[in-house]
Amino acid sequence: MTRGTLFLAMLAAGLAILAIGLAIFNLTVPEPTIASLPDEFWQIWRAESLIPRLWMALISGAALGLSGLMFQQVLRNPLAEPATLGVLSGAQLAIALCVLLAGNSAWLREAAGLAGGLAALAFVTLLAGRRASGPALLVAGLVVNLAVGAIFVLLALFQHDYLRSVFIWASGNLTQNGTADLAALGGRLLVLVPIALILMRGMALFAVSDESLRGLGANASRLRLGFSFWPRLYLPWSLPGSASSGSSGLPLRCWSQEWASAACPAGLVATPAAGAVTLLLPTGVLTPIPCGLLLLLLLWQRRIPEHPARQVLAGNRRPFPAVLVALTVLAISVAFSLSETLHLPGLDAAELWPGRWPRVLTALSAGVMLALAGVVIQSLTGNPLASPESLGISSGAGLGIILGLLAGGMAALFSGAVSGALLAFALVVAISARNRFAPGALLLTGVAFGTFAGALISVIIASGDPRAFVVLTWSMGPTYRAEPMAALTGAAVTLLACLSFPLFLRWLRILPLGTAQAQALGVRPVITRFTLMAWVAVLTGVSTLAVGPISFAGLMAPHLARALGASGPGMQGICAAALGATILVLADLAGRLIWFPYEIPAGALASLLGAPFFLWLIGRGR
Amino acid sequence: MVTGNVLSRRGFLAGATSLGLTSGRAASTGTPGRIVVLDWALAETLIALGLAPLAVAEAPLYRQRVVEPALPPGTQDVGLRNWPNLEAIRSLRPELILTLEGYGAPPARLEAIAPVRALPLYTAERQPLHLARQAVRDLAALLDRKAQGARLLADLEQALAPVHSDAPSVLILKFADDRVIDIYGSGNLFDDVIKAKGLWNAWNGPTNIWGFASGGIEELARHPEARLLIIEPAPPAPLRESAIWRAMPQVRAGRFSILPPAWVFGGVPSAIRFSGFLEAT
C-alpha cells in the first residue's frame, strides 16, 4: 500500500465517521426551537419525521455519491454526474406534469418520477444507438436535458405557484411526513446495493480506452450501457438533494487522480460517505455553497493533470449548402420578425419598430457570440459538454442578480450581474492560472460555480418570494427585455468578435494536439489559452447581460456545425455562427407568436425547437 | 405619490384630463375607460371603485386566485404580471397603465406607451393595509371616483370592526406542498387585517418583504393555542392521513378552518373579503 493510498483510506474512514457523527449529533442535540414543541407532538414528530429524515439523508447521499462516481468512470468525463444522462430532468418533468394534471400525492409523484426518468433514459440510449461511446451518450443526454428542461421551465413560468413543490423538491428539502418513503427506498436498495458491489469490480475496465477493450474481446458500447444501468435504476428514486450530493464527489475526485477510478476501494467508501455528509450538514438547502467553496479551494491548492483533448463528432462533408440555407432562413426571419403584426391588427410596423429592432438585433448578436464562444471553448477543452457557460461567467452573473435582488431590489439587478460576472471571471482566472489554464481545471471551476448558482436559484424560487420570478425568467433568455443601447453594444461586440475570430484559427488547430506538440509548433500554451479564455469570457458576459444564459446556442451550434459536416475550426465557426443566429432569431419570433399575449423566452424555445432538429441531424449523419 | 420619472407633469395632466372625460362618459354610458392594470391588487381596487379595466395581466389566473371582485367579462389579458407583453398593451391604445411600484416591467418602457401610475403596496415600511387605503384614495382622486372611494374605505372600516373571540390567537397559512407551508406575519395584508380585528397573530418570527415565512409543519405545533386559518388549497391528502398531522395540537382540538381562496398580496377589496371569512369562522 503506497503512502497515497493509505492517506486516502484514512480520509475515507474519517468521512464515514464524520457522517455517522453528524447523524448522532442531529438526533441527540435538538435545535433550541424544537424544545418549544409540545411533548406528545415531539415524540411522534421525532419518530415520524426527524429519524426518517436522517436515514433519508444518509442513504440518498451515499447512493448519489456512488452513482456520480460510476457515471464518471463509465462515461470517462469529469463533468459527468447523475443528472448528465437526462434522468433527473425527465423525472422532474414527469413529476411536474403529474402535480399539474393528476394531483400531488406522494405515491403518484414517485410513480411519475420513475416513469419520467426511465423514459428519458430509454430515449438517450436510443439516440446514442449502438455506437454508445462516452461522447455520444453525453451529447444525447445533454440534448434531452436541455429539451426537457425547457419544457419544464415553460411549465414553471406559466404555472408558477402550482409548481413550487417541484422547486422545493429540486432544492433538496428532505423533510419527511412519515416512514413510507424511507421504507420504499430501503427495500429497493436491498436489491440494488449487492448488484452495485458486483458491478464495481468490473468498473476498472473503463480506465482503458475503447480500442484496448475491443482488443480484449469486449464490446465497449454494450459494457457501457450495462454498467450505467445500476445508477440509472437507482436515480429516478433518489428523490431530493440531487444537486448537492450528486456533485459532492467532485471535490474528492480532484483531490487525487486515484479517486477517478471506481475500482479504488478507498474511493468506494469515501465518495458515498462524502455524499451522506453533504446531506447531513446542518446547512440544509444551502449545502451546495460549502460544497462549491470546498471544490474551489481544492482547485486552488492542487494541480489538475492535463487530459489530452479529443475531437468530437468530426465532420467530413461540405457544409456550404447548409450555411446558405441558414443564412437565407436568417434573412427571411429577420425581415418577417421586424414587420409582422399577426396578433396586433390595429398597429402598423412603424409603430412597433422602436420595440422590435432591439430584440431582433440582440437575438442575432447573442446567437453569433455564443456560437463562436462555443466553438472556441469546445476546441480549447476538447470536451463536448463544454459551453460558454462552463467558464462560470453566466453563473457568476446569475449569483450577482440574486444577491442584487435580495440586497438592493430590482434597481440593483444590472450592477449585480456585471459585478458577479467580473468576480467570477477573476476567480476562474486566478484558479486556472495556477494550473497553467489547463482545460480540466477550467471546466471544474465553472462546474463549481454552476453547482451553487443553480442551487441558489432553486432555493430562492422555492422560497415563494414573488421577485424570484425575475430570476426564473432571466435564466431562460428573454430577448424581449432588450434595450436599444444594450442591443447596439452587443452588435458592436459581435462585429469585433467576427473580425478577430480568424486570428485564433491556428491556435485552435494546434492546441488540441497537446501541450508538448503545441510548444514544438511554436505555440505558447499558457498565453494562448488565457487569450482564448478571455475572448470567450467577453462574448459570454456581453450576451449574458443582454439575454441571460442561453445554453442551447453556445452548446449546440458547434455540434450542429459538425453534424452538418463542417471540419476545422474556421468552417465550424462560420457555420456555427450562422446557425446560432438563425436559431435565436427564429426562437424570438416564435416565442412572440405561439402563446400571445404571453411571450416565451427565446432561450427556452431555442432548446425546445432546436433539440429535435439536432437529433434529426445526428440520426441522418449515422 | 407621483414621482417625476414615473410620470411627467404634462403627461399626467393629459392622461388625467382624458381619463376624466372617459370616466365621465363611463358613468353615463356604462362603457369602460381605457385602463390597463398590471397588478391584481390595483385591478381589484379599480373594479371596486366601479371602473372596468380594459385589460389585466394574467386575467384568467385572477379569476382563480383573487375571485372577488370578479373581473368584468371581456377583460383582456396582456401576459405575465412581472413582464407583460408591451406590444399587446400598445395595441390596446390605453390612456393609463396602473402598475405596482418596484415590481414588474421598468416604468420607462411602459411610459413609451401611455401615462403610467405606479403605486406602492409592499415596501420596507411593511404597512400594506395603510398603503392599500392610500391606493384607494389615490385612484379615486385620479379617476374622479371620490364618492366610490369613500364608500369603499367605509366598507373596509366596517369589515375591520373587532370580533370578540375567546381564543384570539391565530396562524394564517397556505400549503406550498405537503411538506412546506407559508405562514403570513408582519408585513402581510392579512396580518394587518387580523390585528385590526382585535385578533392576535401567533407568528412572531421573521418574515420577508411580502410578509411571509416558509417552514415545516412543526412550526405550527409550536403555537398549540393558535387557531389555524388555512387558505385554500386544503392540506394535501397524504399529509392529512399522516400520524404527524393527527398529532398536531390544533388538529386534535379541532381548532382549524379552511378558508376559500383570497389574494394574500391584495388591496382593500381582498382585506374586506378576508375579514368576511374571519367573521364566518
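The legends below describe close-up views of a predicted model. Local features need pLDDT of at least 70 and side-chain atom pairs count only at pLDDT 80 or more, while totals for chains, interfaces and linings use all residues. Residues are numbered from 1 along each chain as its sequence is written, and chains are lettered from A and ligands numbered from 1 in the order in which they are written.

**View 1. Chain B has 13 helices and 11 strands.** Helices (H or I, at least four residues) and strands (E, at least two) are DSSP runs, numbered from the N terminus. Of its 281 residues, 52% count as buried, that is, with 20 or more other C-beta atoms within 10 Å of their own, C-beta atoms being placed from the backbone.

**View 2. Strand S10(B), residues 227-231, is mostly covered.** Four of its five residues are buried. S10(B) pairs (at least two DSSP bridges between the strands) in the parallel sense with S6 (residues 169-175) of chain B over four bridges. Leu171(B) has Leu228(B) as its bridge partner in S10(B). S10(B) also pairs in the parallel sense with S11 (residues 256-259) of chain B, over four bridges; here Ile231(B) is bridged to Leu259(B).

**View 3. The largest nonpolar core holds 212 residues.** Such a core is a set of buried Ala, Val, Leu, Ile, Met, Phe, Trp, Tyr and Cys residues joined through C-beta atoms within 7 Å. Among the members that touch the most others are Leu372(A), Val376(A) and Leu171(B). Helix H16 (residues 349-381) of chain A gives the largest share of this core, 15 residues.

Methods:
Buried ≥ 20, exposed ≤ 12 C-beta atoms within 10 Å, placed from the backbone.
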